[in-house]
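Subject: Structure for your review

Dear colleague,

Please find below the structure that I am handing over to you. My notes on what was found in it follow directly after it.

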Amino acid sequence: MIIGLWWEEAGGEYIRTRSARYPGASDIEPAWTLEAAADPYRITRDPDPKSHWGDIRVIGYSSAAGFVITVIIDHVDHSGVNAWKTSGADLRAYRAALGGEDDAS
């Protein structure tokens with residue numbers, strides 16, 4: 001688990017309103033990201049290979065959300081940077097880590 005994952009108010013609002021910026025996107029509750037970061041089957045990429053700043057990428061399941069969430073976390077203070085419903089290669093990697101199970105979608 002990422003110890004101390006937390007969200008500034010503006011960051012929490014940003015992920016709660018994703019669908020306003022990205023039609024069809026899922027809005028994400030910050031509490032769901034804490035659950036995803038605590039998932040015992042989570043994938044942690046530290047540093048995130050797609051980050052220019054060395055941020056951490058965590059891919060984990062949130063039972064409250066009912067789906068896998070990708071969380072981007074600041075590597076310095078562990079504040080949440082961004083989060084979204086996981087898809088594509090990250091979702092395939094998570095499912096493969098579970099042994100190919102498709103129930104965590």
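A residue counts as buried when its relative accessible area is under 20%, as exposed when that area is over 50%, and as partly exposed in between. Please also bear in mind throughout that this is a predicted model.

When neighbours within four places in sequence are left aside, the residues in contact with Arg57 include Ile43, Thr44, Arg45, Lys50, Thr70, Val71, Ile72, Trp84 and Asp90. One of these, Arg45, stands opposite Arg57 in S2.

The sheet

Which order do the strands of the sheet follow? The sheet is open and has four strands in the order S1-S2-S3-S4, paired in the antiparallel sense. Strand S1 (43-45) and strand S4 (80-85) are at the edges and have a single partner strand each, so one side of each is left without a neighbour in the sheet. On average, and with direction ignored, neighbouring strands of this sheet are turned by 20° against each other. As a general point, the strands of a sheet pair through backbone hydrogen bonds, in either a parallel or an antiparallel manner. Between S1 and strand S2 (residues 56-62), the antiparallel pairing runs over three bridges.

Helix H3 (residues 30-38) packs on this sheet, where the helix touches S2, strand S3 (67-73) and S4. The direction of H3 makes about 95° with that of S2.

The rings and the charges

How many aromatic pairs does the structure hold? There is one. The pair is formed by Trp32 and Phe67 in an edge-to-face arrangement, with 6.0 Å from centre to centre and 85° between the planes. Trp32 lies in helix H3 whereas Phe67 lies in strand S3, so the pair ties together parts that are 35 residues apart in sequence.

Is Phe67 buried or exposed? Its relative accessible area is 9%, and Phe67 is therefore buried. The ring of Phe67 also has the charged end of Lys85 over it, 5.0 Å from the ring centre. A second case of this kind involves Tyr14: the charged end of Arg21 sits over the ring of Tyr14, 3.8 Å from its centre.

Two serines in loops

Ser26 is found in the loop between helix H2 (18-21) and H3. Its relative accessibility is 24%, so Ser26 counts as partly exposed. Not counting residues up to four places away in sequence, Ser26 touches Arg18, Phe67 and Lys85. Ser26 and Arg95 are separated by 69 residues in sequence and by 20 Å in space, C-alpha to C-alpha.

Ser79 is found in the loop between S3 and S4. Ser79 has a relative accessibility of 9% and therefore counts as buried. The side chains of Ser79 and Asp77 make a polar contact of 2.8 Å. Apart from its neighbours within four places in sequence, Ser79 is in contact with Leu5, Trp6, Ile72, Ile73 and Asp74.

Yours sincerely,

A colleague

Methods. Residues are numbered from 1 along each chain as its sequence is written. This is a predicted model: local features need pLDDT of at least 70, side-chain atom pairs count only at pLDDT 80 or more; totals for chains, interfaces and linings use all residues. Side-chain values use heavy atoms; hydrogens and water are left out. Two strands pair if DSSP finds at least two bridges between them. Axes are lines fitted to C-alpha atoms, for helices over the stretch in contact, and angles run from 0 to 180 degrees between N-to-C directions. Contact means heavy atoms within 4.5 Å. Buried means under 20% relative accessible area, exposed over 50%, partly exposed in between (1.4 Å probe, protein chains only). A polar contact is a pair of N or O atoms within 3.5 Å; within protein, one must be able to donate a hydrogen and the other to accept it, and residues adjacent in sequence count only if both atoms are side-chain atoms. Rings of Phe, Tyr and Trp (its six-membered ring) pair if their centres lie within 6.5 Å; planes under 30 degrees apart count as stacked, over 60 as edge-to-face and the rest as tilted. A charge sits over a ring if NZ of Lys or CZ of Arg is within 6 Å of the ring centre and within 35 degrees of the ring normal.
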